[in-house]
Amino acid sequence: MLGFIIRPPHQLLSLLSCPGLRIPRFSVLCAPLRLRTMAVSSSSWELPLVAVCQVTSTPDKEQNFKTCAELIREAARLGACLAFLPEAFDFIARDPEETQRLSEPLGGNLLEEYTQLARECGLWLSLGGFHERGQDWEQTQKIYNCHVILNNMGSVVATYRKTHLCDVEIPGQGPMRESNSTIPGPSLESPISTPAGKIGLAICYDMRFPELSLALVQAGAEILTYPSAFGSVTGPAHWEVLLRARAIETQCYVVAAAQCGRHHEKRASYGHSMVVDPWGTVVARCSEGPGLCLARIDLNYLQQLRKQLPVFQHRRPDLYGNLGHPLS
């Protein structure tokens, strides 16, 4: 077993504490910058290490980038091969008009900065929800919520545009009308091969639709990622339950980078970024405040579990149809 205690990016922040979980082998628990290592078998060091970043985005894009860049550089220093950022890592605006004004195309300045950062750190990046001005921007004046994967050379290797938009009214949390400023994506993205495994892309509200995760795992996904900005009411009730359910039913690792804290006077997020293994055990999590958590991905364990509990061989599409059609 391996554990890290790391300092958060800003020296005035308190340490992110590691909860007292019982963890299966090769997991890593968190709290972001100075290292404290526990006894570890040499084989665990050979497994790919991923970093899950937790931030509090605001309408200040420049400051948001500085915060994310510091976490990404720290992830690289600690030996991660891939760092995950949450939904709206670029900014969280006060209203749809500000969202439109701050948004950029994929070829804009902000993505170029992340491209350079990935290249500088030699790190793959999951940019969990970029406010993208698409090719239809001039006609629609609406954006896409776009999950971008950059490889360690800074190239865009995958993009997924959020297909399920969050139009809900939760008492105590305020109404959410994502469709006021956002267009739903037209399709799913085939899982992308990375140094950590084959990653299936989703964003936040997508986790409430198991058909999507089933389609991704049937297409070969080994890791599902749900970058998110969960609210303060739905978070305590549903966040961990949904993530563990998606991991158990697909027998995948689930990586969920989350927004946390108060973004501005109109909005706050739940946080609790985490990694869940294919058995449904939370193997890494962030506590309060910005920071990162780390986990090792053991694909041999995943394959062993799928052989021992072969649920996909036992499915009965003759009775209930093929929920989550395989991607073409």
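The model is predicted.

**Cores**

The largest nonpolar core has 48 residues. Within this core, W239, L243 and V275 touch the most other members. Leaving aside residues up to four places away in sequence, W239 touches M207, Y226, S228, F230, T234, A256, A258, Y270, G271, H272, S273 and M274. Another core lies apart from the largest one. This other core holds 30 residues, including V55, A75, L111 and L150. In soluble globular proteins, nonpolar side chains tend to be buried together.

**Helix α6**

W239 and L243 are also among the buried residues of α6. Helix α6 runs over residues 234-250, 17 residues in total.

The buried residues of α6 are T234, G235, W239, L242, L243, R246, A247 and T250. Seen down the helix axis, these buried residues fall within an arc of 125°, so they line one face of α6. P236 and V241 are exposed on the other side of the helix. An α-helix has 3.6 residues a turn, so residues three or four places apart point the same way. Q251 follows α6 and has a positive phi, near 55°.

**Helix α7**

Helix α7 spans residues 299-308, and its buried residues are Y301, L302 and L305. Down the axis of α7, these fall within an arc of 100°, so they too line one face of the helix. N300 and K307 are exposed, on the face turned away from the buried side. Strand β13 (253-256) is among the elements that cover the buried residues of α7.

**The open sheet**

Which strands form the open sheet, and in what order? There are six, in the order β7-β6-β5-β4-β3-β18, and the pairing is mixed. The edge strands, β7 (156-161) and β18 (291-296), each pair on one side only. From one strand to the next, the twist averages 20°. In a regular strand the side chains alternate between the two faces of the sheet.

**Antiparallel pairs**

Two pairs are set out below, each with one bridge.

| Pair | Residues | Bridges | Partners |
|---|---|---|---|
| β5 and β6 | 124-132 and 144-150 | six | S126 and I149 |
| β8 and β9 | 167-170 and 174-177 | four | V168 and M176 |

Strands β8 and β9 form a hairpin, with three residues between them. In the turn, G172 has a positive phi of about 90°.

**Positive phi in the loops**

Most residues other than glycine have a negative phi. A88 has a positive phi, near 60°. This residue lies in the loop between β4 (82-85) and α2 (96-102). Is A88 buried or exposed? A88 has a relative accessible area of 8%, so it counts as buried, the limit being under 20%.

Q141 also has a positive phi, near 55°. Q141 sits in the loop between α4 (137-140) and β6. The relative accessible area of Q141 is 40%, so this residue is partly exposed, that class lying between the buried limit of 20% and the exposed limit of 50%.

Methods: Residues are numbered from 1 along each chain as its sequence is written. This is a predicted model: local features need pLDDT of at least 70, side-chain atom pairs count only at pLDDT 80 or more; totals for chains, interfaces and linings use all residues. Side-chain values use heavy atoms; hydrogens and water are left out. A nonpolar core is a set of buried Ala, Val, Leu, Ile, Met, Phe, Trp, Tyr and Cys residues joined through side-chain atoms within 4.5 Å. Buried means under 20% relative accessible area, exposed over 50%, partly exposed in between (1.4 Å probe, protein chains only). Contact means heavy atoms within 4.5 Å. Helices (H or I, at least four residues) and strands (E, at least two) are DSSP runs, numbered from the N terminus. The expected span of a helix is 1.5 Å times one less than its number of residues. The arc is that of the directions from the helix axis to the C-beta atoms. Two strands pair if DSSP finds at least two bridges between them. Axes are lines fitted to C-alpha atoms, for helices over the stretch in contact, and angles run from 0 to 180 degrees between N-to-C directions.
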